[in-house]
Amino acid sequence: MATSIFIEDLIDRLMRYLRDNGVEDIVIRGKRIDSYVIKFHNNNISVCESRNNVILNIFIGVKRRIAELTFHTLDEQVIIKELDKYLKAVNYLPEVEGYRNLPEDTVEYEEPLNVFHPDDMDPIKGINLIEGLINKITENNKVSRISGSLNMNLIKEVMKASNGRYCEERKTNFNLSVRGFRDDIDVSYQANSISTSLSSINTEEITDEIKGTLTLSDKCETVTPGKYDLILSPLAVANLFGHFTELLSAYYIENNISPFVNSLGKKIAADLISLYDYPLMNGNPGAKVFDDSGEPTKNTDIIVNGALCTYLHNWITAGKFGAENTGHAGIFVPQPHSIILSEGDLKTEELFNECKHAIVISNVWYTRFQNYYEGIFSSLQRDVALLMDHGDIKTFLSGIRISEMVSNILLNVTSVAKERKWVMWWDHPYPSLVPYIMVKDVNITTAT
Amino acid sequence: MLPDVEDLSRLVIDRGLELDADYVEFRFHATYKESIKTKDGLLSSHNINYLYGVGIRVIINGAFGFSSTNILTESNLVRAVEEAISIARASSHLVEHKVHLGEEEVSSVEYFVAERKRWLDTPMEEKISFLKDLDSEISSLSKDVSSYRLFGLVYRKDEKYISSSIGTEVKSTIPITYLSYLLTVKKDSNVIQKKRSIGGAGGFEAINTHEIYQRTVENTKEIIDVVSNWRRSPKGTMDVIVGGEVSGIIAHECIGHSFEADRILGREGGQAGESYAKKLSVGEKIGTDEVYISDDPTLPSSGGYYLYDDEGVKARKKELIREGYVNEFLHNRETAYLFNTTSNGSARAACYDREPIVRMSNTFFEPGDYSFEELLEDIEYGVYIKGYMEWNIDDKRMNQRYTGLESYLIENGEIKFPIKYPVLEISTKTLLNSLDARGRVMEFYMGLCGKGEPYQLIPVWRGGPAIRLRGVVVGER
């Protein structure tokens with residue numbers, strides 16, 4: 001079996017082998033992932049899945065040539081063979097633009113609390129949870145059926161680097177995503193709960209949200225294109241801000257595939273918007289102690305009161321930009337660990353009451369860009385939307401496509417709710433702690 | 001050393017049957033993937049991925065269980081099949097519609113795609129020279145524009161051994177080579193960006209087979225012309241011709257995905273979505289007589305090539321829509337049983353640790369008999385959307401949008417000048433009922449299609465000829 005001792009022993013031998021072959025920079029990460037997925041549809045379990053994998057990531061920097069190798073095996077002969085192939089080819093490779101050696105400074109690693117609950121990794125508990133949900137949501141209700149999944153992951157990772165860095169981390173995360181359908185008027189609502197422990201997955205809230213929302217109206221109309229004030233739910237906020245945060249990676253900036261080029265220190269969002277990535281926050285389902293280069297992660301303020309404070313960096317892009325390494329490697333592409341929006345002043349209920357004429361969008365998906373540099377994108381309504389008038393619900397709406405510029409969305413935020421929620425789902429891979437927000441004058445189109 | 005997978009498969013299947021499984025399927029799946037990327041002609045990254053392991057699928061008491069591991073010891077594989085059975089059994093009381101598999105012919109076969117110029121034997125210098133030469137030619141195409149160029153040369157090879165308790169035994173090896181690029185071209189204050197992937201099955205020779213170099217240079221010339229000369233797009237109701245790149249994404253998104261039987265049954269309801277085809281049946285008319293759309297994994301040198309699917313079923317061409325009528329859906333063995341038909345070999349798994357689910361392969365509009373000039377000739381006023389950048393489609397695959405990139409005004413049967421970002425935002429119903437002619441020249445593009453939980457990205461081709469849509473609404477960005 002692949003115990004931690006076995007993986008560490010293999011990492012030590014590979015480290016020695018690479019050093020003996022003249023490799024200057026080495027980071028080896030060994031990861032063991034045990035996971036369960038319970039997928040369900042139409043009130044039936046579709047499949048129960050179990051995974052038990054070991055993964056070895058090796059970063060090599062030699063003579064300013066670099067590569068990242070990923071192995072889903074601990075077979076030493078297979079790994080050495082691939083490493084040899086690379087080392088033989090290395091002299092024929094050109095140097096990588098802007099490369100710098102791994103940093104040599106001494107570091108300390110901080111560990112967030114409440115991120116490891118191994119006793120919750122029980123598939124039977126997961127199956128029971130789904131059974132309870134099916135019964136609760138569909139009994140005596142207009143909700144005809146539910147579909148979704150429960151993901152349960154236990155990750156043990158050890159990292160060793162040629163600059164003397166070494167660290168281990170262990171964490172669990174649980175993600176329940178449930179989509180309820182009301183077939184009589186063809187609408188759906190998706191609710192989500194993520195946590196580092198299964199016992200914190202809030203099935204009651206999910207049940208209430210789905211049953212409550214899908215019975216707010218008995219009619220659904222196609223949206224009329226035009227400019228609207230929007231109230232975006234946490235799932236919709238997470239999707240859009242997830243895409244926007246990716247575009248704050250220094251990789252996208254240096255390659256002109258972001259609307260945030262040359263935006264450091266500038267106002268890119270409304271004053272109400274502060275965006276953080278806090279991988280060391282206790283209980284963060286996206287917690288991370290070290291990045292892919294072995295750099296300690298840190299809590300990073302990305303946007304504060306609408307002003308852009310930093311791009312997301314690894315040690316290479318930080319060197320190129322003359323900036324501080326934010327601990328977001330990706331060796332080649334820095335990327336966020338989690339997305340956190342600051343809380344606002346209004347209770348969510350007050351935010352709803354504040355709107356005179358607005359559309360509430362409960363979820364979006366398929367966000368795609370026509371032009372990353374100019375931030376031209378569109379995103380589609382995934383689940384139910386509500387037409388609101390002075391706090392009253394007029395009807396459900398369908399067919400909504402947000403057709404906008406990134407800058408318009410960010411600068412036109414007029415209200416942010418106080419309550420925030422952790423969310424993550426199939427079309428949004430980053431754990432995100434986000435509130436409801438209101439955005440004014442958003443362009444909405446639909447198909448003809 | 002790779003393990004003796006045949007021995008391991010017998011061990012797993014025997015243990016599964018001992019524990020009363022009704023069906024046991026074993027898939028050893030190795031994937032080697034290498035990507036070399038350049039930025040403006042300089043090497044920017046080099047990734048090598050070597051993934052292998054075993055996926056085990058069982059049916060017990062009418063419930064599916066799946067277990068995967070890459071720790072390929074006998075004891076761990078026995079543990080894996082036992083776990084698949086245990087979790088399936090524990091969930092079976094929540095499976096109202098018990099899983100049955102369609103009765104298909106049992107396959108025992110070995111096949112492979114030969115690399116005429118083996119990727120691993122091709123010197124690294126040659127691969128990098130290809131990217132540098134291409135970058136150099138593209139950067140020197142025009143002195144009037146500035147450009148930023150990201151290229152990625154990708155090789156992927158999948159080797160599988162699939163066996164099952166009903167006697168299936170399929171061995172396959174399929175390599176794919178393709179180029180992905182993202183170009184940014186600036187002309188004064190105008191900026192245009194284009195993403196595209198071209199390539200298909202084979203080794204390094206795919207570079208030539210698919211004319212990757214020439215097609216990329218030609219596409220860049222088009223982009224430079226468009227950003228240098230574009231004018232405002234017209235809007236309103238008019239005739240539209242879309243090129244093969246756009247007809248390909250339409251075939252994939254609004255027909256291919258909708259015709260996946262598992263989506264129709266709601267199995268992707270919480271993930272990739274459902275389908276308008278839930279309300280359709282085979283034989284129903286949904287488009288004009290000119291609508292012919294197929295999915296064919298057996299196309300030689302294609303990006304979505306295979307001859308046997310990941311349930312061991314022999315693959316074949318599937319004519320999804322013929323003369324505007326629904327002809328068949330995409331099936332695996334589970335959905336085929338529920339539709340009272342046989343599997344048409346559409347089960348695919350992206351990696352050893354993913355379950356095989358219903359997927360597309362190479363999806364396309366069939367060619368017609370029009371030349372491009374004939375498609376144009378009676379259009380008084382319209383637009384030609386040759387290529388696109390932004391696209392999206394709703395959960396049920398009815399409300400979709402394709403925003404043109406390489407796009408032109410048509411006037412009196414002639415292409416006049418480039419236009420900026422015409423928008424085709426259209427329902428599937430309107431689209432399929434406005435199509436009146438198909439060109440005869442086919443184009444195919446690589447894509448990575450996402451579906452499933454956990455997410456599965458699989459290589460596909462999307463393509464077709466230019467097609468003409470009569471009287472549809474065009475918008476502008």
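User: How many bridges join strand β11 (residues 318–322) of chain B to β12(B)?

Analyst: This is a predicted model. In it, β11(B) and β12(B) run antiparallel. One facing pair is I321(B), which stands opposite V326(B) in β12(B). The number of bridges that join the strands is two.

User: Which strands stand at the edges of the open sheet of chain B?

Analyst: The open sheet has six strands with mixed pairing, in the order β12-β11-β10-β15-β24-β23. A strand at the edge has a single partner strand, so one side of it is left without a neighbour in the sheet. The edge strands of chain B are β12 (325–326) and β23 (443–451).

User: What angle does the direction of α6(B) make with that of β24(B)?

Analyst: Helix α6(B) packs on the sheet. It touches β10 (293–295), β11, β15 (362–365), β23 and β24 (456–464) of chain B. Its direction and that of β24(B) make an angle of about 125 degrees.

User: How far apart are the end C-alpha atoms of helix α6 (residues 244–256) of chain B?

Analyst: The helix has 13 residues. A straight helix would reach 18 Å at 1.5 Å a residue. α6(B) falls short of that, with its end C-alpha atoms only 16 Å apart.

User: Is α6(B) largely enclosed or left open by the rest of the structure, and why?

Analyst: A residue counts as buried if 20 or more other C-beta atoms lie within 10 Å of its own. In α6(B), 13 of the 13 residues are buried. The helix is therefore largely enclosed.

User: Which residues of β18(B) are buried on each side?

Analyst: Six of the six residues of strand β18 (residues 399–404) of chain B are buried, so the strand is largely enclosed by the rest of the structure. In a regular strand the side chains alternate between the two faces of the sheet. Here both faces are covered. One side has N399(B), R401(B) and T403(B), and the other has Q400(B), Y402(B) and G404(B).

User: Which residue is the bridge partner of W391(B) in β18(B)?

Analyst: Strand β17 (residues 388–393) of chain B pairs with β18(B) in the antiparallel sense over four bridges. The two strands form a hairpin with five residues between them. In the turn, R397(B) has a positive phi of about 70 degrees. Across the pair, the partner of W391(B) is Y402(B).

User: Which residue in β21(B) does T403(B) stand opposite?

Analyst: β18(B) also pairs with strand β21 (residues 422–427) of chain B. That pairing is antiparallel and has five bridges. The residue opposite T403(B) is V423(B).

User: What distance separates the C-alpha atoms of I419(B) and L405(B)?

Analyst: Along the chain, the two residues are 14 residues apart.

User: Which strand gives the largest share of the side of domain 1 of chain B that touches domain 2 of chain B?

Analyst: Chain B is divided into domain 1 (5–229) and domain 2 (232–476). Their C-alpha centres lie 21 Å apart. The contact takes 48 residues from domain 1 and 33 residues from domain 2. The largest share of the domain 1 side, 10 residues, comes from β7(B).

User: Which element gives the most to the side of domain 1 of chain A that touches domain 2 of chain A?

Analyst: In chain A, domain 1 spans 4–214 and domain 2 spans 220–445. There, 39 residues of domain 1 are in contact with 32 residues of domain 2. With seven residues, the element that gives the most to the domain 1 side is β6(A).

User: Which strand supplies the largest share of the side of chain B that touches chain A?

Analyst: The contact between the chains takes 73 residues from chain B and 69 residues from chain A. By class, the chain B side has 32 nonpolar, 27 polar and 14 charged residues. Its largest share is 12 residues, from strand β2 (residues 42–60) of chain B.

User: Which residue in β2(B) is the bridge partner of T70(A)?

Analyst: Strand β3 (residues 65–72) of chain A and β2(B) run parallel. Five bridges join them. The partner of T70(A) is N49(B).

Conventions
Residues are numbered from 1 along each chain as its sequence is written. Chains are lettered from A and ligands numbered from 1 in the order in which they are written. This is a predicted model: local features need pLDDT of at least 70, side-chain atom pairs count only at pLDDT 80 or more; totals for chains, interfaces and linings use all residues. Two residues are in contact if their C-beta atoms, placed from the backbone, lie within 7 Å. Ala, Val, Leu, Ile, Met, Phe, Trp, Tyr, Cys and Pro count as nonpolar, Asp, Glu, Lys and Arg as charged, and the others, Gly among them, as polar. Two strands pair if DSSP finds at least two bridges between them. Domain bounds come from an automatic or database domain assignment. A residue is buried if 20 or more other C-beta atoms lie within 10 Å of its own, exposed if 12 or fewer, and partly exposed in between; C-beta atoms are placed from the backbone. The expected span of a helix is 1.5 Å times one less than its number of residues. Axes are lines fitted to C-alpha atoms, for helices over the stretch in contact, and angles run from 0 to 180 degrees between N-to-C directions.
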